Structure formats: C-alpha cells, structure tokens
Amino acid sequence: MIPRARTAVLISGRGSNMGALIEAARSPDFSAEIMLVLSDDPAAGGLPLARKLGVAAEAIDFRAYTGKAAFEAALETRLAAASIEIVCLAGFMRVLSAAFVERWKGRMLNIHPSLLPNLRGLNTHERALAEGLAEHGCTVHLVTAELDAGPILAQARVPVLPGDDVAALAARVLKEEHRIYPWALDALARSLRAALPSLSGDDG
Ligand code: GRF
C-alpha cells in the first residue's frame with residue numbers, strides 16, 4: 001500500500017470540515033491519513049466528534065500558555081511527536097505567527113468561506129448578503145503569513161438566492177466546503193509525495 005501523508009487538523013469549534021476530512025480519508029485511495037485533531041479550545045465540539053470517528057483528539061488550551069509563542073511551541077511539539085507532514089486548518093480561529101506559517105510553508109491548508117480574494121477575514125456570509133453579491137462560495141488555500149491570501153487550490157461557487165439569510169447561505173456554502181476540502185487535501189498530499197517521495201517513506 002502506498003504510504004499516506006500524515007495529517008493533523010486544527011480546529012476551534014464544531015469541526016464539520018474536520019469530520020468531512022476524516023470521512024474522506026477512510027477511503028484507501030485517499031492520499032492523506034488524519035492522525036490527530038488539535039483544538040485551542042477545550043470546549044470545541046469537534047474534539048468528541050473526532051474521537052467518535054476514531055481519531056485522537058486533544059486540546060491545547062490557548063489560555064493555559066503565557067502567549068502565542070509558548071502556545072505555538074506546544075502545538076509544534078505535538079505535531080512533531082505525531083510526525084505530522086500536513087496541517088489542515090478547519091475553523092481554527094487563531095492567527096498563527098509568520099514563523100509558524102513559514103515552517104509549514106506549502107504544507108498547511110485553510111478553508112475560507114468566500115470566493116477569495118473577495119471577502120477576506122470574518123463574517124463573510126453577512127458581508128456577501130450586505131453587498132448584494134449574486135455569487136458566493138468557499139476556497140481552500142495554502143496558508144501564508146498574510147491572512148486569507150495564500151495560493152488557491154480549490155474553489156466552489158454557490159448562488160446567493162432571493163430570500164437568503166445568513167443561515168441559509170452558510171449552509172449552502174458549507175456543503176461545498178465539505179466537498180472541496182477533502183479534494184484539496186488529497187491533491188496536496190499527492191503532489192507532495194510526487195515532489196518529495198522521502199516525506200512519506202518508500203512503498204517499495
Ligand atoms: C467554516 O465555515 C470554515 O470555512 C471557516 O470556519 C467554519 C468552520 O466550520 N473557516 P466547521 O468547524 O468546520 O464546522
């Protein structure tokens with residue numbers, strides 16, 4: 001069997017994208033394996049969900065650390081201990097330092113609920129409605145130090161329909177998030193394996 005890229009998912013909340021990644025990675029054809037879920041918030045609903053889906057899940061409580069550097073050092077220690085090769089941010093609500101991002105350059109993904117470069121930042125569904133956009137969607141991109149600005153790997157569009165409220169629009173976008181995030185992770189894992197076969201070992 002071809003070795004799969006060892007992947008961690010970082011969350012802060014309910015973890016529906018995390019769940020989609022775990023489900024997709026159950027397929028033997030998928031190029032990444034979800035080894036670990038980490039949350040900066042011990043109350044994140046995604047932690048028990050990950051365990052229910054059979055994946056190790058731990059809180060690294062941001063409030064227990066003296067600052068961002070100490071928190072990120074704890075994250076790095078845990079990622080290294082699990083020999084993680086790819087990190088997926090999935091509703092992870094902390095902005096990581098430029099140094100952290102640089103160490104994971106080309107190996108850290110994020111999902112953002114807008115058609116980047118439009119609507120970077122928070123409250124994208126509210127803003128899409130307020131701006132009267134006809135189209136909205138979601139984007140998977142590589143993480144760079146500049147927020148929501150890294151190279152785009154996948155995008156999906158949805159229409160904004162008459163009568164939409166935030167919940168209806170968010171639900172339409174979320175369905176697409178669950179489709180494109182696994183696709184993008186699989187694509188990244190494949191391309192890393194092709195570029196750096198030693199990353200994932202030798203399948204003989
Ligand atoms: C998603 O809309 C994602 O695009 C954004 O945060 C939300 C996380 O939702 N970054 P979930 O925790 O994956 O359900």
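Biologist: Which residues surround the ligand?

Modeller: Around the ligand you find R14, G15, S16, N17, G91, I111, H112, P113 and E177. A residue is listed if one of its heavy atoms lies within 4 Å of the molecule. Keep in mind that this is a predicted model, where local features need pLDDT of at least 70, side-chain atom pairs count only at pLDDT 80 or more, and totals for chains, interfaces and linings use all residues. Residues are numbered from 1 along each chain as its sequence is written, and side-chain values use heavy atoms, with hydrogens and water left out.

Biologist: OK, and what is 2.9 Å from an oxygen atom of the ligand?

Modeller: That's a polar backbone atom of G15. Another backbone N or O atom, from N17, lies 2.8 Å from an oxygen atom of the ligand. Then there's I111, with a polar backbone atom 3.0 Å from a nitrogen atom of the ligand. We call such pairs polar contacts: two N or O atoms within 3.5 Å; within protein, one must be able to donate a hydrogen and the other to accept it, and residues adjacent in sequence count only if both atoms are side-chain atoms.

Biologist: Switching to pockets: what volume does the largest pocket have?

Modeller: About 910 Å³. Of the 39 residues lining the largest pocket, G91, F92, M93, I111 and P113 are the closest to its centre. Two or more lining residues come from each of α1 (16–24), β5, α5 and α6 (166–195).

Biologist: Which element gives the most to the lining of the largest pocket?

Modeller: α6 does, with 5 residues.

Biologist: And how many lining residues are nonpolar, polar or charged?

Modeller: The lining of the largest pocket splits into 19 nonpolar, 14 polar and 6 charged. Here Ala, Val, Leu, Ile, Met, Phe, Trp, Tyr, Cys and Pro count as nonpolar, Asp, Glu, Lys and Arg as charged, and the others, Gly among them, as polar.

Biologist: Back to α1. Which of its residues are buried?

Modeller: N17, M18, G19, A20, L21 and I22. Buried means under 20% relative accessible area, exposed over 50%, and partly exposed in between, using a 1.4 Å probe and protein chains only. The cover over those α1 residues includes β1 (5–11), β2 (32–39), α2 (46–52), β4 (86–89), β5 and α6.

Biologist: Now S114. Where is that one found?

Modeller: S114 is in the loop between β5 (108–112) and α5 (124–130).

Biologist: Why does S114 count as buried?

Modeller: Because its relative accessibility is 0%. Leaving out residues up to four places away in sequence, S114 touches L119, T124, H136, G137, C138 and T139, where contact means heavy atoms within 4.5 Å. The S114 side chain also reaches the backbone oxygen of N118 at 2.6 Å.

Biologist: Which peptide bond is cis?

Modeller: The one from L116 to P117, with omega near 10°. P117 sits in the loop between β5 and α5. L119 is found in that loop too, and phi of L119 is near 60°, a positive value in a residue other than glycine. L119 is buried, with a relative accessible area of 8%.

Biologist: What about H125, where does it lie?

Modeller: H125 lies in helix α5. It's buried because its relative accessible area is 12%. Not counting residues up to four places away in sequence, H125 touches P113, H136, V166, L169, A170 and V173.

Biologist: Last one: is R78 buried or partly exposed?

Modeller: R78 counts as partly exposed, at 24% relative accessibility. You'll find R78 in helix α3 (residues 68–81), touching L36, L38, E58 and I60, again not counting residues up to four places away in sequence.

Methods: Helix = DSSP H or I, 4+ residues; strand = E, 2+ residues; numbered from the N terminus. 1 Å grid on protein atoms, 1.4 Å probe; cavity = no way out; pocket = protein on both sides within 12 Å on 5 of 7 lines; lining within 4 Å. Points joined across faces, edges and corners; volume = space filled by probe spheres on them.
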